[in-house]
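Me: I would like to go through this entry by asking what lies behind each term. Please set each value against its definition before you conclude.

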Amino acid sequence: MHIQVVIIGAGVTGLGLARDLALRGVSCIVVEQGDFNSGASGRNHGLLHSGSRYVSSDTEVAAECLEEADLLKKLAPQCVEETGGLFVAVEGDDETFIADFPLLCDKAGIPARALDIKDAREMEPCLSDRIIAAYEVPDATVDPFKLALQNFHQAHQNGTKLLRYHKVVGFKRNGGRLKSAHLVNTETGGAVFVEADQFVSAAGAWCGEIARMAGADMDMVYSKGSLAVTHSRLSERVINRLRKPADGDILVPGGTVSIFGTTSLRMDVPSDVRPTVREVDHLVSEGAAMIPEMETIRYIRAYAGIRPLIKSGDDGGDRSVSRGFILVDHADDGLDNFLTISGGKLTTYRLMAERTADRVCERLGVCRPCRTREEPLPTDPAWEWTEPGLAPREWIKHPDHEDPLLCECEMIPASVFDSVIGSIRAQGGSPSLKAVSLRTRMGKGACQGSFCGARVTGYLCDRGDIAGRDAHAELKRFLQERWKGERPTLWGGQLVQSELKEAIYCGLLGMET
Amino acid sequence: MPTGVKEIGCELAIIGAGIAGLSAALFAAHRGIETVLVGETGEILFASGLMDLLAVHPLEEGKTWDDPWAALTALRRDIPEHPFARTPTADVAAAFDALLAFLKNQGLPYRRRPDRNVEVPVAMGAVKRTYCTPETVWNGVRALEEKQPCLIVDFDQLRGFSARQIASTLEPRWPGLRTARLPFPGGTFSQQYAEQLAMALEAPRNRASLACDIRACLGTARSVGLPAVLGLYRTEMIFEDLQKRIGVPLFEIPILPPSVAGLRLQDAFHRGLAAKGVRLLPHHRVRGIRYEHNGHFILDITALDGEHTLNADAVALASGRFLGGGLRGDRNGVRETLLDLPVYQPKERAAWHRQDFLDPRGHPVNAAGLIIDDQFRPLGHDGQPVHERLFAAGSVLAHQNWMRSKCGVGLSVATAYAAVNAYQPIDGTRGEPGR
């Protein structure tokens, strides 16, 4: 089959683009060096911005967020929780900023309602008694994993392929055009060449590297952001600190937990990012000003992502780099069929995909219009299980004692794993422990894989999906991936948990050798 | 259970109901010391039942030892601060002898080769090097050594134990293992804990049914490996009975927690210690310890039936680490939870754990704990014992890494023995009520 477009990167932008193009009848293949959402798409707050956050820095981005968030609430409600959001200032915060906020929201068309302090604290009892201003805004939360999976599901049904664990190592050029992408299978080392008419890099933090391989130029800034996950949910709503964007000023509920972030740390390279003890300590003390309980609550893990920011001339720090997206046409670099879509927000992923697809279609001579602005995102039941709290809700509604819970923290029964594994196979993938854990909440709960790691590995062996030393190696990788997140939060209760985990996997099973 | 008793007294109060506390109580009883053991359920519920002495040293080299005693000698030479450096070989051997004899009398016999570590097949197809195994596990040691044609059985109802995984993982060193998945007899729900399965095998009808199922798929197998659920309170009888019904040697394969191995140990200890006159206060939590002006201790204890106080001449802390509750990690440091004793520890939290969970060297925070003198007395900030008759034993001690050295039970038993032997009765009367 002739492939029209190669999309590099299976983040939410790349998969959103795949869906958009598929719905216009364009044949695509998505190539991804890891699994889906392995970059910033899987390592963010899961915040569906109302735009309020950007009213002081970028009114255009604010307006985009508002419009796109409204669309997603309407078209992909299965991925969204309409929590609402608050902006609160505490004693000592910039009074001018506080005073300007409602005016700027008004200008951007964002409904921001001033609240009595007393009412705000009744709405969110976790708030400090030292807050001095509060506004209610239409923030919401979105499950970026479910969003990505459902996007790709529809693309796949329309013929789009996904090559996971295939890293782009170069391109073949033919004059001013890219002829094929040279991929290496990161598991087998085998080479694959994919020819296409158009190439789009949606590689997030790796856009600079991909562009260089194609012979183009992209100056990227790598800004690391770390987030910490609490053991229980602190608030009903998103809670933003009403101040100029800084570290540790957004608390986002995610099902049964809350996610607090972020930090902003310039990195030289986008690889091997992990949250540190220092960052988590910094977040905890910043957060405690707004929500005192953050000082004492148990944290179960942290994670870090790279914000792919496009470098601008003046350097006012990474927080001032625009969060708007850019679509780079590499015709200026002498390449007629290569685009890069970068920057932007999770909230605006659909718009980014639409604009990119418009340009691709224009080049391909395809005149069909974008359909993602009107058409609801269909739901496939196999790709719902990343949603926090869904499995426990289903279990409580329909408990089936013939269906053992393999993950008790998140209450995931064997049948959910069966469904996910079946769907991974249907898309041509192999159901490794990692693939399964990425598509469920497995290992995300308090035990961080202490029990479910072993149980699900055993279950995959029973099913014949994996076996022997490979299963052992997969479990090791899974445990290490959990560890990256746990490590900076290991004090109090989570330290107890990690000691038990080490007693099992090292003390008893000797997996360290 | 001292219901209604509000104030009791003893010579030695042992805090902690893990292996260290329980064996300290045993050794104290043997010395004729009037002992009260108080502690919550403790880490023992997570025990695998295997008893390590020492298998890996030095961790940096990941060197494994066949001879645990030679390993001990090397460890004492290389790490003079290690608690084992204060426990002479003869004492460690005597402690093990006493413990194993005691457990045998309680119907929980163990097997070992006195001077060798052995390799045991465990859950997930891992092979664990250990020192003693329950009698019910021992046939697995032999089966692995001889690469016997063997059948591994698992159950629909028991999660986290896959015979196929075990067979496929062991395949390179133990080829030809066969597997059978059976429905557990008498089970109704698909998901059961090891404890429920073990209890079900107390019924002869269930054993007959299980034996019948296993015989049907025995083939040429010369032994059968099963998850370690063969009985809870009468394991010896149940194991023998099943073995007789099936007709070939059986062995239990230690499973992941929650397992029944810890319950068996707990049960054996509780019965045996009570018979030796030790007063047990399980499910009791020590809230605090006060030093009396006369040199005695007062322990404030919370139980289901209310508050108690316990007067003691001496205290042995066998309170465990983070999981046991003897240590607590705060954001800015590790603390000892009962007396706020000085804790040896890495300088800052960022240095507690390595980047790699499975780093063979282990994590620096694992070496955190109490610093002791040769009498197993915790030292204060001044480097002197905090109290003449305050002792510590087990994993709460500093400068050891039991999970990586594979020395958990050995460390607990050896240091419990040493701490109890360091206690010297004081002269004079105390005259507390309850004596």
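Domains, helix pairs and local geometry

Me: Which domains does the domain assignment of chain B give?

Reply: The assignment for chain B gives domain 1 as 7-104 + 263-422 and domain 2 as 123-253, such bounds coming from an automatic or database domain assignment. This is a predicted model, in which local features need pLDDT of at least 70 and side-chain atom pairs count only at pLDDT 80 or more, while totals for chains, interfaces and linings use all residues. Residues are numbered from 1 along each chain as its sequence is written, chains are lettered from A and ligands numbered from 1 in the order in which they are written, and side-chain values use heavy atoms, with hydrogens and water left out.

Me: How far apart do the C-alpha centres of domain 1 and domain 2 of chain B lie, and how many residues does the contact take from each?

Reply: The two C-alpha centres are 33 Å apart. The contact (heavy atoms within 4.5 Å) draws 17 residues from domain 1 of chain B and 18 residues from domain 2 of chain B.

Me: What does the domain assignment give for chain A?

Reply: Chain A is assigned domain 1 (5-40 + 145-219 + 323-364), domain 2 (47-142 + 221-310) and domain 3 (384-508). Between the C-alpha centres of domain 1 and domain 2 of chain A there are 30 Å, and 21 residues of domain 1 of chain A are in contact with 23 residues of domain 2 of chain A.

Me: What makes α1(B) roughly parallel to α9(B)?

Reply: The axes of α1 (residues 19-30) and α9 (residues 261-275) of chain B come within 10 Å and cross at roughly 25 degrees. That angle makes α1(B) roughly parallel to α9(B), because angles under 35 degrees count as roughly parallel, over 145 as roughly antiparallel, 65 to 115 as roughly perpendicular and the rest as oblique. The crossing of these two helices, α1(B) and α9(B), is left-handed. On the α1(B) side, I19(B), L22(B), S23(B), A25(B) and L26(B) meet L265(B), F269(B), H270(B) and L273(B) of α9(B). The residues of this contact between α1(B) and α9(B) divide into seven nonpolar, two polar and no charged.

Me: What makes α1(B) roughly perpendicular to α3(B)?

Reply: The axes of α1(B) and helix α3 (residues 89-105) of chain B come within 11 Å and cross at roughly 95 degrees. With that angle, α1(B) is roughly perpendicular to α3(B). Here S23(B), L26(B), F27(B) and H30(B) in α1(B) meet A95(B), A98(B), L99(B) and F102(B) in α3(B), and by class the contact of α1(B) with α3(B) has six nonpolar, two polar and no charged residues.

Me: Why are α1(A) and α8(A) called oblique to each other?

Reply: Helix α1 (residues 12-23) and helix α8 (residues 349-364) of chain A have axes that come within 8 Å and cross at roughly 50 degrees. The helices α1(A) and α8(A) are therefore oblique to each other. The crossing of α1(A) and α8(A) is right-handed. The residues of the contact of α1(A) with α8(A) divide into nine nonpolar, three polar and two charged.

Me: Where is the peptide bond from H57(B) to P58(B) placed, and what is its omega?

Reply: The bond from H57(B) to P58(B) is cis, with omega near -10 degrees, and P58(B) is found in the loop between β2 (35-39) and α2 (68-78) of chain B. A cis peptide bond also joins P257(B) and P258(B), with omega about 0 degrees, and P258(B) has its place in the loop between β10 (250-253) and α9 of chain B.

Me: What is phi of M411(A) near?

Reply: Phi of M411(A) is near 50 degrees, a positive value in a residue other than glycine. M411(A) lies in the loop between β22 (405-407) and β23 (412-413) of chain A.

Me: Where does pLDDT stay under 50 in chain B?

Reply: On pLDDT, the predictor's confidence in each residue from 0 to 100, chain B has a mean of 93, and 95% of its residues reach 70 or more. Over residues 429-435 of chain B, however, pLDDT stays under 50, and the model has 13 contacts beyond four places in sequence for that stretch. Where pLDDT is low, the predicted coordinates should not be read in detail.

Definitions and conventions:
Axes fitted to C-alpha atoms, helices over the stretch in contact; angles between N-to-C directions. Helix = DSSP H or I, 4+ residues; strand = E, 2+ residues; numbered from the N terminus. Left-handed = near helix turned anticlockwise from the far one by under 90°. Nonpolar A, V, L, I, M, F, W, Y, C, P; charged D, E, K, R; others polar.
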